[in-house]
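Please consult the sequence and model shown below while reading.

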Amino acid sequence: MMHKKSLISITDYSKDDYLRIMDLAADFEANPNQDLLKGTVIASLFFEPSTRTRLSFESAINRLGGRIVGFTDSSSSSVTKGETLHDTIRMAANYTDLIVMRHPLEGSARYASQIAGVPVINAGDGANQHPTQTLLDLYSIKKTQGKLDDINIFLVGDLKYGRTVHSLLQALSVFKNPIFNFVSPPELSMPIEYKRYLDSKGIKYFEHREFTDIISAADIIYMTRVQKERFTDPMEYEKVKNIYILRNKMLQNTKETMRILHPLPRVNEIHPDVDSNPKAYYFEQARNGIYTRQAIISLILGLIK
Ligand code: CP
């Protein structure tokens, strides 16, 4: 199914693929250190900064006995001499069995997958997609809620530029009866194409400006950072940067089973007084990235059927 298949958009994979990845992630969580990737070399090409995605990919690969080549900053590569993305990808494919790539340009990962000759995993392309984040988000929802059907989710913050919410919306849409609540200022609202996508599937969504008084029904509150790096006008960023801040006292009337997710990094949108609340799950969520990425890599390389 996934063998040799690039992962560029979450829609490249099926519901069965998602479920297979989650089952396997649970196995890796129980036993994360194995020799499955012995003799495998993986390129880690980060043209844009990252902490969690890069470190969890690298931890996942190291724990499976694989090796990594690449860069954490393209200024240390021949891109600074004018080498194109095309040539950089062709070179990385020459040297490795799989490419993990983050790039600021939307569509760059798809382009890389068309020319590489080895599978490519999109580790985030501009405001477009971040599919491995979505798979670890699904794993986190399944772990905390015991199911992926009938999830009432509040997506809060920058729904325009936040690539993780775009991938997550599409992934949750393959499960039964999701309810989406979009909380954003008008200038950062969910793009129309994603709302049309939900309309085409007959899935319910609601749009809100505020969320303090309406989160009692939430199974998941998914907070997001306002994506400063995607704004062309710094004044526009200043206007919205602190628009939503989740504080501990706001959680009093929420469900016992509700969990707060955030792809991280956070800036101000979750106050540190939430961190010690048992409903805060974002650090565990980030840890789940290791096991989920171990599962994705193993399936793409055909090391596990
Ligand atoms: N969640 C996420 O993509 O974090 P990084 O930007 O630190 O990789």
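How many bridges join strand 8 to strand 9, and do these strands run parallel or antiparallel? Three bridges join strand 8 (residues 220–223) to strand 9, and the two strands run parallel. The model is a predicted one, in which local features need pLDDT of at least 70 and side-chain atom pairs count only at pLDDT 80 or more, while totals for chains, interfaces and linings use all residues. Residues are numbered from 1 along each chain as its sequence is written, and side-chain values use heavy atoms, with hydrogens and water left out.

**Sheet and helix**

- Five strands, in the order 7-6-5-8-9, make up an open sheet with parallel pairing; strands (E, at least two residues) and helices (H or I, at least four) are DSSP runs numbered from the N terminus, and two strands pair if DSSP finds at least two bridges between them.
- Strand 7 (204–208) and strand 9 (259–261) are the edge strands, each pairing on one side only.
- On average, neighbouring strands of this sheet are turned by 20° against each other, direction ignored.
- Within the pairing of strands 8 and 9, Ile 221 stands opposite Ile 260 of strand 9.
- Helix 7 (residues 192–200) lies across strand 6 (179–183) and strand 7, at about 145° to strand 7; axes are lines fitted to C-alpha atoms, for helices over the stretch in contact, and angles run from 0 to 180 degrees between N-to-C directions.

**Asp 158**

- Asp 158 is located in the loop between strand 5 (152–156) and helix 6 (163–172).
- Asp 158 has a relative accessible area of 0% and is therefore buried (under 20% relative accessible area, 1.4 Å probe, protein chains only).
- The Asp 158 side chain reaches two backbone nitrogens, that of Lys 160 at 3.2 Å and that of Tyr 161 at 2.8 Å.
- Leaving aside neighbours within four places in sequence, the residues in contact (heavy atoms within 4.5 Å) with Asp 158 include Val 165, Leu 188, Thr 224, Arg 225 and Phe 231.

**Domains and their interface**

- The chain is divided into domain 1 (10–130 + 289–300) and domain 2 (131–286), with bounds that come from an automatic or database domain assignment.
- The domain centres, taken over C-alpha atoms, are separated by 25 Å.
- Domain 1 contributes 29 residues to the contact and domain 2 contributes 28 residues.
- About 2,500 Å² is buried between the domains, 60% of it on carbon and sulfur atoms; buried area is the accessible area (1.4 Å probe) that two parts lose on being put together, summed over both.
- On the domain 1 side, Ile 10, Arg 52 and His 130 lose the most area to domain 2, together 27% of what that side buries.

Technical notes
Buried means under 20% relative accessible area, exposed over 50%, partly exposed in between (1.4 Å probe, protein chains only). A polar contact is a pair of N or O atoms within 3.5 Å; within protein, one must be able to donate a hydrogen and the other to accept it, and residues adjacent in sequence count only if both atoms are side-chain atoms.
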